[in-house]
Amino acid sequence: MTTQGTGVCDQWPTYYYTVTATNSAGTSGNSPADSATPVRPMVNVATGGLANDSANNPTNARSAFDQNSATQWFYWGLTGWLQYDLGHTEIVQRYGIITNS
């Protein structure tokens with residue numbers, strides 16, 4: 001694989017590449033160019049903020065953000081909400097939720 005150049009997309013480089021194959025018959029021409037941008041690793045930004053839920057129970061809500069898989073947030077109602085105020089501006093590009101219903 002040969003890198004043909006780089007660009008910048010949200011401060012992560014985009015790599016452009018072509019592929020050639022070599023065997024006993026020789027070397028092929030370049031494939032059409034393609035590109036790939038690495039995905040930024042997930043970082044937990046939910047630290048030091050304030051949690052709350054639809055039952056107005058911050059202690060219960062904090063358990064959803066404590067990075068401990070042995071604790072959990074639970075709401076008894078049919079529908080409920082959970083919020084976390086980071087205390088600062090943050091661009092959230094991805095987030096993960098695990099549910100056990």
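Trp76 is exposed, with a relative accessibility of 77%. The model in which this value was computed is a predicted one.

**Aromatic pairs**

There are three aromatic pairs in the structure. In one of them, the ring centres of Phe65 and Tyr84 lie 4.4 Å apart and the planes meet at 40 degrees, so this pair is tilted. Phe65 belongs to the loop between α1 and β7 (82-85), while Tyr84 is part of strand β7, so the contact ties together parts separated by 19 residues in sequence. Phe65 itself is partly exposed, at 23% relative accessible area.

Another pair is formed by Phe74 and Trp76, with ring centres 4.8 Å apart. Their planes stand at 80 degrees, and the pair counts as edge-to-face because this angle is over 60 degrees.

| Residue | Relative accessibility | Class |
|---|---|---|
| Phe65 | 23% | partly exposed |
| Asn56 | 57% | exposed |

**Backbone at Asn56**

Most residues other than glycine have a negative phi. Asn56 has a positive phi, near 55 degrees, and is not a glycine. Where does Asn56 lie? Asn56 sits in the loop between β6 (50-53) and α1 (58-62). Asn56 counts as exposed because its relative accessibility of 57% is over the 50% cut-off.

Technical notes. Residues numbered from 1 in each chain as written. Predicted model: local features only at pLDDT ≥ 70, side-chain atom pairs only at ≥ 80, totals over all residues. Heavy atoms only, no water. Helix = DSSP H or I, 4+ residues; strand = E, 2+ residues; numbered from the N terminus. Buried < 20%, exposed > 50% of the residue type's maximum accessible area, 1.4 Å probe, protein only. Phe/Tyr/Trp six-rings, centres within 6.5 Å; stacked < 30°, edge-to-face > 60°.
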